[in-house]
Amino acid sequence: MSNRLINWFRFASPHNFYPLAGRMIPVFWTLSALFGIAGLWMGFFVAPTDAQQGEGYRIIFVHVPTSWLSMFIYMVMATWSGIGLSLNARLSSMMAQALAPTGALMAFLSLWTGAFWGKPMWGTWWVWDARLTSELILFFLYLGFMALQASIDDPRRADKAGAIVALVGAVNVPIIYFSVKWWNTLHQGSSINLAKSSMAVTMLWGMLLMALCFWMYSIAMALTRVRTIILERETHTDWVKELPEVKT
Amino acid sequence: MIWNSSAEFFAMGGYGLYVWGSFGVCALAMIVEPFLVKKRHNQILQTLRHQVLAEKLEKETL
């Protein structure tokens with residue numbers, strides 16, 4: 001029976017993770033597409049018109065998922081950075097590096113869709129409100145992490161410097177999340193509570209399906225990018241030169 | 001069905017610019033990002049192929 005057990009540590013080596021990631025990517029793309037189709041259908045054809053915001057509220061179906069993902073990806077990135085820093089695990093650091101651009105994109109989309117929602121509802125594209133400002137800082141933290149890593153030539157030193165930024169910056173994530181409670185903000189409070197949700201069930205489902213779509217997309221993107229980073233960093237190794245896509 | 005016509009659907013009750021401006025940019029981002037990563041991946045593969053070829057030629061000439 002012992003040979004049936006999977007040795008998970010095997011996949012901590014870039015050499016073994018590279019082909020595994022390659023097999024996982026299509027699965028996450030498929031899941032993302034399925035959740036996306038279901039979510040858009042729910043969001044545009046099932047969820048009713050909002051009593052207060054009319055059809056304008058439908059921005060929620062991209063705004064909330066991108067905002068969640070921007071915070072979630074940051075926490076995952078900080079976790080991988082921390083593991084990379086403490087265990088000196090190369091692949092963990094590569095994973096953190098692969099997540100940063102997708103996280104930055106999610107933060108940007110959150111701010112963009114927020115501006116497009118704020119304009120018709122509040123009458124302004126932007127206010128220096130606690131929620132908006134802390135989300136903007138999150139976007140800058142991603143950019144700072146990426147710029148710092150790019151500016152250090154030695155990849156292992158770049159990983160360490162980046163990890164410290166990622167870990168220190170993680171304090172911002174709870175600030176974003178609780179900002180609507182801690183401060184009196186223009187941004188509305190959370191629409192979902194465990195006790196009682198203020199939304200129609202179909203709206204909630206649309207939002208959750210879209211969040212799953214963005215989540216699966218982010219995993220697919222991070223895996224695709226980590227494969228590229230593995231090749232870039234392992235150029236000198238023999239296994240890379242033996243890959244069928246390189247040998248031809 | 002909530003919508004009576006496709007025109008009504010695209011108008012989004014007067015919020016067309018904001019709703020489609022949000023969804024459009026998200027869709028665009030989700031097309032551009034994979035394309036850029038694919039490009040980066042092909043670049044490193046190309047570099048590796050050149051490297052392998054260079055090493056092979058070096059061995060043959062020696």
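I count two residues as in contact if their C-beta atoms, placed from the backbone, lie within 7 Å. With that cut-off I looked at chain A: among its contacts between residues at least 6 apart in sequence, 78% join residues at least 24 apart.

**Ground rules.** This is a predicted model, so I note that local features need pLDDT of at least 70, that side-chain atom pairs count only at pLDDT 80 or more, and that totals for chains, interfaces and linings use all residues. Residues are numbered from 1 along each chain as its sequence is written, while chains are lettered from A and ligands numbered from 1 in the order in which they are written.

**Confidence.** I checked pLDDT, the predictor's confidence in each residue, from 0 to 100. Chain B averages 92, and 98% of its residues score at least 70. For the complex, the predictor gives an ipTM of 0.91 and a pTM of 0.92.

**Chain A overall.** I take helices (H or I, at least four residues) and strands (E, at least two) as DSSP runs, numbered from the N terminus. Chain A has nine helices and zero strands. Its C-alpha atoms fill a box of roughly 65 × 40 × 35 Å along the principal axes. For burial I call a residue buried if 20 or more other C-beta atoms lie within 10 Å of its own, exposed if 12 or fewer, and partly exposed in between, with C-beta atoms placed from the backbone. By that count, 40% of the 248 residues in chain A are buried.

**Chain B overall.** Chain B has two helices and zero strands. Its radius of gyration is 25 Å, well over the 11 Å that the globule rule gives for 62 residues, so chain B is more spread out than a compact globule. Here the radius is taken over C-alpha atoms, and the rule is 2.2 Å times the number of residues to the power 0.38. The C-alpha trace of chain B spans about 75 × 20 × 15 Å along its principal axes. Buried residues make up 16% of chain B.

**Where the chains touch.** I find 33 residues from chain A and 23 residues from chain B in the contact. On the chain A side, the elements giving two or more residues are helix 2 (60-87), helix 3 (90-122), helix 7 (201-233), helix 8 (238-241) and helix 9 (244-247). I sorted that side by class and got 15 nonpolar, nine polar and nine charged residues. In this sorting Ala, Val, Leu, Ile, Met, Phe, Trp, Tyr, Cys and Pro count as nonpolar, Asp, Glu, Lys and Arg as charged, and the others, Gly among them, as polar.

**The core.** I define a nonpolar core as a set of buried Ala, Val, Leu, Ile, Met, Phe, Trp, Tyr and Cys residues joined through C-beta atoms within 7 Å. The largest one has 70 residues, and those with the most contacts inside it include Met77(A), Ala96(A), Leu99(A) and Val226(A). Among the elements supplying at least two residues each are helix 1 (14-46) of chain A and helix 2 (16-61) of chain B. Helix 7 of chain A gives the most, with 18 residues. I then looked up Met77(A): leaving out residues up to four places away in sequence, it touches Ala96(A), Leu99(A), Ala100(A), Gly103(A) and Ala166(A).

Helix 7 has 24 of its 33 residues buried, so it is largely enclosed by the rest of the structure. At 1.5 Å a residue it should span 48 Å, and its end C-alpha atoms are 47 Å apart, which agrees. The expected span is 1.5 Å times one less than the number of residues. Helix 2 of chain A, with 28 residues, should span 40 Å, and its end C-alpha atoms are 40 Å apart, which agrees.

Asn88(A) follows helix 2 of chain A and has a positive phi, near 55°. Asn88(A) sits in the loop between helix 2 and helix 3 and is exposed, with 12 other C-beta atoms within 10 Å. Met12(B) has a positive phi of about 50° although it is not a glycine. Met12(B) is in the loop between helix 1 (6-11) and helix 2 of chain B, but this residue is buried, with 21 other C-beta atoms within 10 Å.

**Spot checks.** Phe35(B) lies in helix 2 of chain B and counts as exposed, because it has 9 C-beta neighbours inside 10 Å. Ala150(A), in helix 4 of chain A, is exposed with 11 such neighbours.
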